[in-house]
2 protein chains.
Amino acid sequence: MRKADVVVIGGSAAGIPAAITSRRHYPEKSVLLVRKEQQVLIPCGIPYIFGIVGCPEKDLIPDAVLEKNGIELLVDEVTDIDRDAHTITTAGGEKIGYQRLVLATGSGPIVPPIPGVDKENIFAIRKDVAYLQRMCDAMDTCSNLVIVGCGFIGVEIAEEARRRRKDLNISIVEMLRHCLQLVYDEDFCVKAEEALQNQGIELLLDEKVESFLGGERVERVRLASGREIEADMVIMGIGAAANAELAKKAGLEIGPTKGIQVNRYMQTSDEHIFACGDCAEKVSFFDGKPSRLKLASIATMEARVAGANLFSPRRVNMGVIGVYSTILGETAFAAAGLTEAEARKKGYTVIVGEAEAVNRHPGCMPGAEKLRVKLIFEAGSRVILGGQVSGAKSGGELINAISACIHQRMTADDIATFQTGTHPALTASPIAYQLVNAAEMAIANSWKLSSRWGMSG
Amino acid sequence: MRKADVVVIGGSAAGIPAAITSRRHYPEKSVLLVRKEQQVLIPCGIPYIFGIVGCPEKDLIPDAVLEKNGIELLVDEVTDIDRDAHTITTAGGEKIGYQRLVLATGSGPIVPPIPGVDKENIFAIRKDVAYLQRMCDAMDTCSNLVIVGCGFIGVEIAEEARRRRKDLNISIVEMLRHCLQLVYDEDFCVKAEEALQNQGIELLLDEKVESFLGGERVERVRLASGREIEADMVIMGIGAAANAELAKKAGLEIGPTKGIQVNRYMQTSDEHIFACGDCAEKVSFFDGKPSRLKLASIATMEARVAGANLFSPRRVNMGVIGVYSTILGETAFAAAGLTEAEARKKGYTVIVGEAEAVNRHPGCMPGAEKLRVKLIFEAGSRVILGGQVSGAKSGGELINAISACIHQRMTADDIATFQTGTHPALTASPIAYQLVNAAEMAIANSWKLSSRWGMSG
């Protein structure tokens, strides 16, 4: 019987770093990664295969990263786990022994049972090269593309579809009142909507799909409002569900959002089996409540916790913060932690500060673009809860400074007196630096708040 | 007699944020800012007036920022402080009463007494519009520019001089073995040197100026090695010294680096007088020893501490970290905290990790450029001591995430499991994200180190 000290099931954003981390922390242990896909897609790159990248074949994670780290690869599907015998069985008929097992089986798209959803030319986002190539082909010949769901996947695919086809009619249907509403506060959402509309993408907000109409192939989408829109291609982008079947079959505990239940060490209910990434249950960094967030960057973090803990608990996952970035039109949009709306909903009393400045100084330096930062703090402790950024592309790294602040539960004063590196050709001036000033504005706003309450400032 | 609750002396990177912070924290207090300059230059923008920006008039801080924040402005030179009477006297004959006084008098260039240093066409970097305009004019007509000092000012002016004049001979003389040696480790310095040499800038490293030769006007520079080089324009860029005369005259304590002595609240030896920015004494964030660092971004931080503490101690300055960024050729160079060499010199046992990847994913995304991160940790605690970044421009914001990590004394494990926002068009993939991987590599290196020492990994 084949054996490996560590067997990782899954070869994407969770599986790869779990295997690498295991090799780094326990170099004497052998690691075998088993995955069913011949080729692995870069998950966050998928929307871009329709436009800038051009095709799925250009959006692959090279296997060289496994080889370089001394990780063995087996392309095969794992069908069973025998927890007592410490073995797995594959569709190819192999039985493989393990000391530690890591489940990194990912997620699949949610496709709700809307009438007509099985018609031809209705797609979901499957991480499968051949399937995505068929989607590219369909996009080349269709006239009316309807995207269901105005989250990141939806808006990014809409933009890339526009890049691919100037003549295509593109619309997005979204149940909520705003695009990207779960991640940004309303004013940021409105800017994102403008960026999409400026590219001739129609937004049907506060609308729900009732049914898909047509013959074998989709022809129209009927909305709950009664409106019908032409559609010869539909893409469902409404979220993903954990691939937890294998774990369930093995009798592992499943959590409230239907992911594989894990503790802070990323251990499942079987202490020799770990889970990480989209297949694993998550809690919020803030209140510890179950979270449905599924992001490649969370998957890699969890994988680095799981991989380090396989033979001795070394790291703790304190829960998901949620750090996102995207670019719409020429504007970067990034967010970390809670939005103001979400924080209030969770019961926090909040103070908010905003600052906007160009990302150069003086403003006549080439490449000067506006960059706006909004920060949200708990009013009493002034601990940061979240931040949002829009504008220049450097916002894509600035959000990671904000994420570090959230991780460390920094207060508005900590951030206001935080030492920043600034440069005329790279950032705002140290006087106008947005992150620091947004914290200062939140404090200034809190003085106003407390004087309104009759407290002394 | 004129009176203001708060009087700030100085109107640049320290004075402005000190005044603004005071207004934000104590909105009921009146603030008067007194400065001697008619116009205030953006200090970090000065090298760029010779090239991209074009002239000093385009590198000014607008006075609107004072007005907007309800700060009164007086252009006049303060000649005396009467600490008992709580008044200042100006060259214009005004006597002004204060409750709290903030000294933000900045620094002036160090000009060592090298023989011939007073010859015509030898300049230092004075924050004076007319003087800098004369420098621009001199640069337009000279043939051989010699810059003394290969720190940030020196290398940035060299590049901008090249941008202004393709036909100019430009050389930089530096005492140390490498350019920017105090801020970067050797491999980063070598890259910076290549970027300069590729633009036809000659570097004379490990060389010292012995004298300036010529008639009234400089004609040649004689080096200690005996070499002589042609020079009809010289710019001294070897550092700055605190403007502490006014404080000294008022009997305030002066510190070991000749700055105005302050405590952690930025209070001078007179509890009603605060000092911040280049004129104030500084200590290192790491060991608390005196530090000669003078940066606009440090000035603004200290100003935000001073301004908030004027009537009640609210913030603490834990000392300077030193966060820098610049761009040479098309490559951004940024650094925060200690270099590896400096850390070893201070007695730390260090572990180091590096990671390089393109700042896009997949790598075929437009705008993909390499971005390299090096992190330095104390070996036993694994607390971060410093970081260096080179490559894509987004490194200018990434260094601020590293600065946050240093502020919070994050460990390599904290950083390795830190949640990052990543996006195909903005950053490396979450698997390859450089900051996280550099921390992971440092940990992997520490295992190797401890197994070499015979400790169990």
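1. Let's start in chain B with one residue pair: I327(B) stands opposite A332(B), which belongs to β21(B). Bear in mind that we're looking at a predicted model. The strands around that pair are β20(B) and β21(B) (residues 331-337), and they run antiparallel to each other, with six bridges between them.

2. Zooming out, these strands sit in an open sheet of five, ordered β20-β21-β24-β23-β22 in chain B and paired antiparallel. The edge positions go to β20 (323-328) and β22 (350-358) of chain B; each has a single partner strand, so one side of each lacks a neighbour in the sheet. Ignoring direction, neighbouring strands are turned by 10° against each other on average.

3. What packs on this sheet, touching β20, β21 and β24 of chain B? That's helix α6 of chain B, residues 186-197. Its direction makes about 150° with that of β21(B), and the β24 it touches spans 384-391.

4. Still in chain B, have a look at the helix pair α1 (residues 15-25) and α8 (residues 296-309): they pack at about 35°, and their axes are 7 Å apart. The crossing of α1(B) past α8(B) is right-handed. On the α1(B) side the contact is made by P17(B), A18(B), T21(B), S22(B) and H25(B), while α8(B) brings in T300(B), A303(B), R304(B), A306(B), G307(B) and A308(B). Sorted by class, that contact has five nonpolar, five polar and one charged residues.

5. Now the dimer side of things. The contact between the chains involves 69 residues of chain A and 69 residues of chain B. Elements of chain A giving two or more residues to it are α1 (15-25), α7 (296-309), β20 (323-328), β21 (331-337), α9 (395-407), α10 (412-416) and α11 (434-452). The largest share, ten residues, comes from α9(A).

6. How are the two copies related? Chain A superposes on chain B by a rotation of 180° with 0.0 Å of shift along its axis, at an RMSD of 0.0 Å. The copies are therefore related as by a two-fold rotation axis.

7. Last point, on which surface each copy uses. Of the interface residues of chain A, 100% are also interface residues in chain B, so the copies meet through the same surface.

Notes:
Residues numbered from 1 in each chain as written. Chains lettered and ligands numbered in written order. Predicted model: local features only at pLDDT ≥ 70, side-chain atom pairs only at ≥ 80, totals over all residues. Contact = placed C-beta atoms within 7 Å. Helix = DSSP H or I, 4+ residues; strand = E, 2+ residues; numbered from the N terminus. Axes fitted to C-alpha atoms, helices over the stretch in contact; angles between N-to-C directions. Left-handed = near helix turned anticlockwise from the far one by under 90°. Nonpolar A, V, L, I, M, F, W, Y, C, P; charged D, E, K, R; others polar. Least-squares fit on C-alpha atoms with pLDDT ≥ 70 in both. Pairing = 2+ DSSP bridges.
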